[in-house]
Amino acid sequence: MGKKLKKGKAGNAAQYMTRTQAIRKLQLRLSEFRRLSILKGVHPREPKKKPKGANKTYYHTKDINWLAHEPLLNTFRNIKAHEKKVRRARAKQNAELAKRLKQLKPTYRLDHLVKERYPSFIDALRDLDDALTLNHLFATLPAESKYGIPPKVVHTSRRLALEWQAYVVRSGALRRVFVSVKGYYFQAEVLGQSVTWLVPHALSQVLPTDVDYRVMLTFLEFYNTLLQFVNFKLYHVLGLRYPPLLDARLEAAAAELAAIMKDIAGVRDVSEGDRALGGKAVTEGALECAAANEMEMKARIESLQSRLREIVGAAVEAGGEGTASDKDNENKGSSELEEDEPPVLDSGTDDDDEDDDDDDGLGKGEYLSKLDAVARSGGRTSTSAMLWDDDEDNDDDENPAAGHVAGDLDAGSRAAGGALGPDVDPSDEAALCRNLFRGLVFFLGREVPREPLMLVIRAFGGVAAWDGEGSSHDEASEAITHQVVDRPSQGHRFLSREYVQPQWVFDSANFRVLMGTDLYAPGQVPPPHLSPFVGEVDDDGYTPEFAKTVRRLQDAARAARTRAAGLALKGADGSEFVGEGAEVDGAE
Amino acid sequence: MSKRNAKREPVKEVDSDIEDELEELDLDGDASSDDADSDVDADGDEDGDEEETGTTSDAGEDDEIEDAMLELMAAQAERAQRKAAARMPNSEGDEPGARRQPSTRTTGKSRMATAAEAVAEPDADVAVAGAKEAATVAAGEAEDADEDEEDEEGRIPDPGSDSSEDERPNRNTVGAVPLEWYKDEEHIGYDIDGRRIARTARKDKLQQLLDRNDSKKALRTIYDPYNDEEISLTKEELAMVMRIRNGQFPHLEVNPYEPYNDYFTREREVMPIVDRPEPKSRFVPSKWEEKKIVKLVRAIRKGWIKIEPRVRQDPDDPDAHQPPAYLLWADDGTAEGAGPGKSGSGLTYIPAPKPQLPAHADSYNPPAEYLPTEEEVAAWQMADAEDRPRQLPTSFPSLRAVPAYKDFIKERFERCLDLYLCPRIRRKRLDIKPEALVPQLPKPRDLQPFPTTLAVSYEGHEGPVTSIAPDPWDGQWLLSGGQDGTVRLWEVRTGRCWRTWQLGAGPVAAVAWCPNPALRVISAVVGSCVVMMASGTGPEGAEGEAEQALQAATTSGREDAAAAAGPAMGTDGSDAAVDDGAPEAGQLAVWRPRPAAMGGGLEVRLRFPVKSLSWHSRGDYFASVAPTGNTQAVVVHQLSRRVSQNPFRKNRGRVMRVAFHPSKPFFFVATQNHVRVYNLAKQALAKKLLGGGGSISCIAVHPSGDHVLVGSDDKRVAWYDMDLSTKPYKALRYHQQAPRSVSYHRSYPLFASSSDDGTVQVFHGMVYSDLLTNPLIVPVKILKGGHSVVRSEGVLDCAFHPNQPWIFTAGADAKILLYCN
């Protein structure tokens, strides 16, 4: 006869313990256990057999042992003991001791938990949805002392949210937007992972009383730490400095994303401008743009030369002190300029710092002229978008074969938006998203939600302007191609721009085509806003009518993009290819 | 009244305290109070004078009087306050409350009286009389400035009383009872002597109006229902009320920020209360402080107390102790951890399920078809909040109309709860969708070519066409036999009937080409005869060769047959030429030439009616099937030697069809229930393929020889994979009626079956060379409409073109059709 087994020594009874058992084992209060398990990511598990009854919560013994070895556990105990000391000092009217003790409060860090829970960066990205949603929620909440929401937490959340958005814009990672009743859903593709987050509508939230804010704040504490490190890593991948500098002036002016983008977007904006200029020069053959480009190039070369001279000078100085005075002068000049420069203009990377130095060497006028050039290119785009037919005529003049292009193809290329050209591969989703609004300048009315719109417009390659500080264009600017309004009737209208409702921006971004603006005219009910998270058919196998309409437009746009990309491949061969391409498109 | 007394009691106590203290104090206070008394008296006299004059004075004088009174009151109040302040250090607890009373207790009728009271209270009783007078003067009802002479008498203070209110005549004593108790009574209450106070007659409206117009005081006259009297407020009182309303002190003269004068140190007293010398302890350092300092010094030395300035401002700041971010995942991928998919505790990491992504219905502007109907909305409203979805799809006309989602925080909170409270378990759920169960069939378009369109119709037969056979070499000719007894040879491309043979009155049951490419001989079955003739097609000399072969067979066969007549194979009669009678009882078959008039050739006459014919691929042997022949049902003939033999001693079941294996020495015998495969080399049964429920009607062997297609009367076409099983690999039941014939294409992966329902179904039947992959069977085309069903007979035969993906079909409507791709 075998040895008699004792009850509760093996199997589920030994592997799992109830929450009460766990709390007793860890010698914690329930609130402390909750806090610890939230931070550590320990959750109950479901045993096959429930030795203590079905209505209990079971934790795995290994999980609890893991908690028991957490250094934070001891820190929390210390904090508790410390609070008791402070309380006692206060009760004895020993204010000085209480104050001194308060300074000695034990501190703790959570970074090791982040690493422990997410050993690889991809793991962290996969779990980012909840973190971002909670973070964006608290970024909009009031710091209500009644519920113990400290203002600092709100500020941190806001900063991290802006940093994340700035990254999304900078890397062009945004893929989908959806305006639901609950808020704005965004989906970005970051390092191959789809990250979805929900941002509440920018209206004041009523804080419900039947919610335990301590639980949410504990989650937020961990999430904010996680987000901080994720942002660091992402900025690191892009080669940007972290944390980015927040432009206090713009932040005060509630320019949201602009405040942070101004810091990190330095590199991209310049390159963007170059690209835009190049693209325009090819498509429109505009001499001015080319000239501006050339000027810029020349300026750059000059600056390089001066830098070279500086280096050579330094070398010479190392040998002898012949050119010391010369160099000193230069240095002085540059340092002065650096002092002149506002801190926001200094950008993330070292290279970029150098570039900026160079720019500064040329003076601010150059920078302004560059801006001007960008603006002018935007203006040209706007006119080209507006006077489409004229451009077509020009094209016809230049290239008689282009006359074959039918009206349908014309609509397709119009819908293709900025993501049309030799440099955009129509099958490359990322390039498509980055360039969709390329060359478009949006003016956001005061009544539209600026933050989500700005995120979408900038992430899809457009330029957003608004009424207020930090805006690159004012309302009367000729460069503006689209004005986003959400009011029943529009008073004064500029003829040179389209007036659209905010949904136009979201729909265009989702469908990867520029929708017809007439459907989204201010004052009329826009077409249904479809969820981009639903595929061809929804769960019931139904396709809304509007989706079919859009599908046709998408096909036309794809054809136009393919044609544009194909033209670039064989452009040198001659004109006959155009007809061929058109045929191919027709067949498709 | 009781309430009022209760309120006042502490005040009285205070008074007594003050009095005691006053007694303790020296004459300084007394002197001052005396001064005050004299002042008051003087003022009072003055007041009285003015009143006397005031009887005839007009409004301007009223004001003057009021001003004077105001001055008086101010003076008194100031004095009183100064005294109170002076005494304050001595008085305990209640004193401030008592002092504050004037500002708080200013309701109703008695506000002025209480003010006066407050003024009077601190005074020593010497001053009481004067103060009383002043108080009464100030206190209302007063309006002494008015011409109310009678009141004047009533207001004469009683020196023995310390309350001014109690002096007033006609004073109601009912106390703080609801006044409606006296609503219907004649009196409003009782005076202090217990007499009823009669209710004065209220003025009627007209009188009120007149009063209002006549007197300028009407606007500041209020009615006191408790005492049933009207009180006119003076301007000072009004000003006081206004100040109270503004939250200021009621008295202008009150200065809340008076300089504090310490009672003890303000004036160096000649005879101080305490005149002890300062104790020594006030001049030596404290021992306890020293100890404390020593403690602190030690703590600093030991490092318990850090004295360097701390950078951190707020210890509650959660971020202050967080380090600045750094590259946490620098060694990404190489990090030591619990391993992939493991949490830190070594258990499997189970990520929380992600929330469902929003669908069209969650949009702020969903398509109209997603919006709930009125019934749905009603049902939603009726449902319990826990059972229904949180929100119904709602449509907003524009983005600016979208409100904040009120459950947002709640939902996030619930998500948080889910994250840390819900047990997580990894369940293997088979999420099988119905579509996933259906195999991924390639699209028929991808399986081209196969016959799809009707190209040629061969017409000429006058009855149902029972059998067709395209020539197996280049597919130029099509042979057909019909129930009209003719065998016709058609040119495939043109549809021209090239030759016609009338073989007899009986129907032609089957036609076939001899596969020998040199001969170009056709064969047909009429009744119990198998007829072989030269077709007249083919290259130069082929016809002659065929003639010769048939002739040779005839001639040489005669001797051979005689010589080879053995017990097992009874052959023709040597005297078969005698007449064209049937074979004799011992004979299996009779070979004999056909007369040239009838087309020449050769015929083999058997004992039983032959139904089908099958050639071996070399073109020398052929087998005939006579289902009714019982033991002689299957007869194998050799053309070159002109012999016939019966390979089976007996047949199990009625034999319907036979077929030769295209390359190996196998022989397929299809009885009604089985297909038996015989190995001719070993002369043994190799395999028995099991049929289904119906009797087998047709069979076709795949060009590779490993697959057999069998059609049976239960409307079923079964594909047998010989290597796989003796049961069908696929049993296809798609025909409405029993299949009549099945056929494989020789080179394309196609097969077809024709049926009495008038259709021909074409399949893609790909056979793979590796043995592991099963054949792929995809229906690609149903050819219908070409043939009409005649007497419940549809398409009687079908055959593929040898080289092209074309199919010939022969129908009971006397038509032969060619379908091309």
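In the predicted model, the hairpin of β23(B) and β24(B) has 5 residues between its strands, and Gly705(B) takes a positive phi near 85° there. Strand β23 spans residues 696-701 of chain B, and 6 of its 6 residues are buried. Its partner, strand β24, covers residues 707-712 of chain B. The two strands pair in the antiparallel sense over 5 bridges. Val701(B) stands opposite Val708(B) in β24(B).

Strands of chain B are also joined through side chains. Arg592(B) forms a salt bridge with Glu603(B), with the closest N and O atoms 2.9 Å apart. Arg592(B) lies in strand β13 (residues 589-593) and Glu603(B) in strand β14 (residues 602-606), so the pair ties together parts that are 11 residues apart in sequence. Both Arg592(B) and Glu603(B) are buried.

The contact between the chains draws 101 residues from chain A and 70 residues from chain B. Together the chains bury about 7,500 Å², 62% of it on carbon and sulfur atoms. Gln103(A), Val181(A) and Phe229(A) supply 9% of the area that chain A buries against chain B, more than any other three residues. Between the chains there are 28 residue pairs in polar contact. Helix α11 (residues 213-238) of chain A gives the largest share of the side of chain A that touches chain B, 13 residues. That side divides into 53 nonpolar, 23 polar and 25 charged residues.

Salt bridges between chain A and chain B number 6. In one of them, the side chains of Lys410(B) and Asp210(A) meet at 3.1 Å, N to O. A network of salt bridges links Lys182(A), Arg390(B), Lys406(B), Asp407(B), Glu411(B) and Glu414(B). Glu411(B) lies in helix α12 (residues 408-421) of chain B and Arg390(B) in the loop between α11 (374-382) and α12 of chain B, so the pair ties together parts 21 residues apart in sequence. Glu411(B) counts as buried at 19% relative accessibility. Arg390(B), at 35%, counts as partly exposed.

Over all chains, the whole structure holds 39 salt bridges. Within chain A, Arg158(A) forms a salt bridge with Glu451(A), the closest N and O atoms being 3.4 Å apart. The pair links helix α10 (residues 151-171) to helix α22 (residues 450-459), across 293 residues. Arg158(A) and Glu451(A) are both buried.

Helix α23 (residues 502-511) of chain A has 10 of its 10 residues buried, so it is largely enclosed by the rest of the structure. Among them are Trp504(A), Phe506(A) and Asp507(A). Arg512(A) follows α23(A) with a positive phi, near 65°.

Terms used
Residues are numbered from 1 along each chain as its sequence is written. Chains are lettered from A and ligands numbered from 1 in the order in which they are written. This is a predicted model: local features need pLDDT of at least 70, side-chain atom pairs count only at pLDDT 80 or more; totals for chains, interfaces and linings use all residues. Side-chain values use heavy atoms; hydrogens and water are left out. Contact means heavy atoms within 4.5 Å. Buried area is the accessible area (1.4 Å probe) that two parts lose on being put together, summed over both. A salt bridge is a side-chain nitrogen of Lys or Arg within 4 Å of a carboxyl oxygen of Asp or Glu. A polar contact is a pair of N or O atoms within 3.5 Å; within protein, one must be able to donate a hydrogen and the other to accept it, and residues adjacent in sequence count only if both atoms are side-chain atoms. Helices (H or I, at least four residues) and strands (E, at least two) are DSSP runs, numbered from the N terminus. Ala, Val, Leu, Ile, Met, Phe, Trp, Tyr, Cys and Pro count as nonpolar, Asp, Glu, Lys and Arg as charged, and the others, Gly among them, as polar. Buried means under 20% relative accessible area, exposed over 50%, partly exposed in between (1.4 Å probe, protein chains only). Two strands pair if DSSP finds at least two bridges between them.
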